[in-house]
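Open the model in your viewer and keep the selection panel at hand. The tour goes stop by stop.

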Amino acid sequence: ATTTLLRGCSYIHHRMHRHLVTIYHDESAFHANEGRTSGWTVKGKQPLLPKGKGRGLMVSDFIEEHGGFLQLTDEEVEDAKRIYSNPNFPQYGREILHIGAENEGYWTSELFVKHVKKVAKIVSYKYPVDRFSIIWIFDQSSNHRAYSDDALVASRMNVND
């Protein structure tokens, strides 16, 4: 079904004389004590094992179908800063969060929405809407069901308004 959908989109956008760009998103969490749960020990001795998963990182990134990780070159960032009058224009589509209660917290839907808005700036510079159509592909995650506070969501609307 996805292949048929993408072929249909490709045909429609070809007729509109626009290039179709596919951008994928994924995230992963990494912990210091992940990995092997077995190893070599001295006979009769108990191995020292960590009590928990250890410090963690959450990495969220976007990947272009043909260009790899979504990012701008130094020259593109300088050009985007000038065009958009934004001295803080983002260069990379990646976000790294030091996860845990005693660190930066956890990856939430609010952080995800903020991340997508940041990446949309990069995409709008790199792929102008008059020449490109973008297909965003997200994996299944509870954070991906997030909407910004001002989004039009049918389940939030009152029929009587």
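Which residues of α3 are buried? Select F112, V113, H115, K118, V119, I122, V123 and Y125. Keep in mind that this is a predicted model.

**Stop 1: helix α3.** Show α3 as a cartoon. The helix has 18 residues. From its first C-alpha to its last it reaches 25 Å, close to the 26 Å expected at 1.5 Å a residue. The buried residues of α3 pack against β1, β2 (56-64), α2, β4 (95-99) and β5 (132-138).

**Stop 2: the largest nonpolar core.** Select L70, L72 and V123. Of the 14 residues in this core, these three touch the most other members. Two or more core residues come from each of β1 (19-31), α2 (74-84) and α3 (109-126). The largest share, four residues, is that of α3.

Centre on L70. Setting aside residues up to four places away in sequence, L70 touches F62, I63, E64, Y92, G93, V119, I122, V123 and K126. Next, pick M58, L97, W107 and F112. These belong to a second, separate core of five residues.

**Stop 3: T22.** Move to strand β1, where T22 is found. Is T22 buried or exposed? T22 has a relative accessible area of 6%, under the 20% cut-off, so T22 counts as buried. Beyond its neighbours within four places in sequence, T22 meets I63, E64, E65, I135 and I137.

**Stop 4: the aromatic rings.** Show the ring side chains. How many aromatic pairs are there? The count comes to seven. One of them is F89 with Y125, an edge-to-face pair at 6.4 Å centre to centre and 70° between the planes. F89 sits in the loop between α2 and β4, and Y125 in helix α3, so this pair ties together parts that are 36 residues apart in sequence. F89 is buried, at 6% relative accessible area. Y125 counts as buried too, at 17%.

Now select Y127 and F132. Their ring centres are 5.0 Å apart and their planes are at 75°, so this pair is edge-to-face. Y127 is buried at 13% relative accessibility. F132 is buried, with a relative accessible area of 13%.

Then highlight F62, F112, W136 and F138. Together they form one aromatic cluster. F112 is also a member of the second core.

**Last stop: a charge over a ring.** Select R94 and F69. R94 lies over the face of F69, at 5.0 Å from the ring centre.

Key:
Residues numbered from 1 in each chain as written. Predicted model: local features only at pLDDT ≥ 70, side-chain atom pairs only at ≥ 80, totals over all residues. Heavy atoms only, no water. Core = buried A, V, L, I, M, F, W, Y, C linked by side-chain atoms within 4.5 Å. Buried < 20%, exposed > 50% of the residue type's maximum accessible area, 1.4 Å probe, protein only. Contact = heavy atoms within 4.5 Å. Expected span 1.5 Å × (residues − 1). Phe/Tyr/Trp six-rings, centres within 6.5 Å; stacked < 30°, edge-to-face > 60°. Lys NZ or Arg CZ within 6 Å of the ring centre and 35° of its normal.
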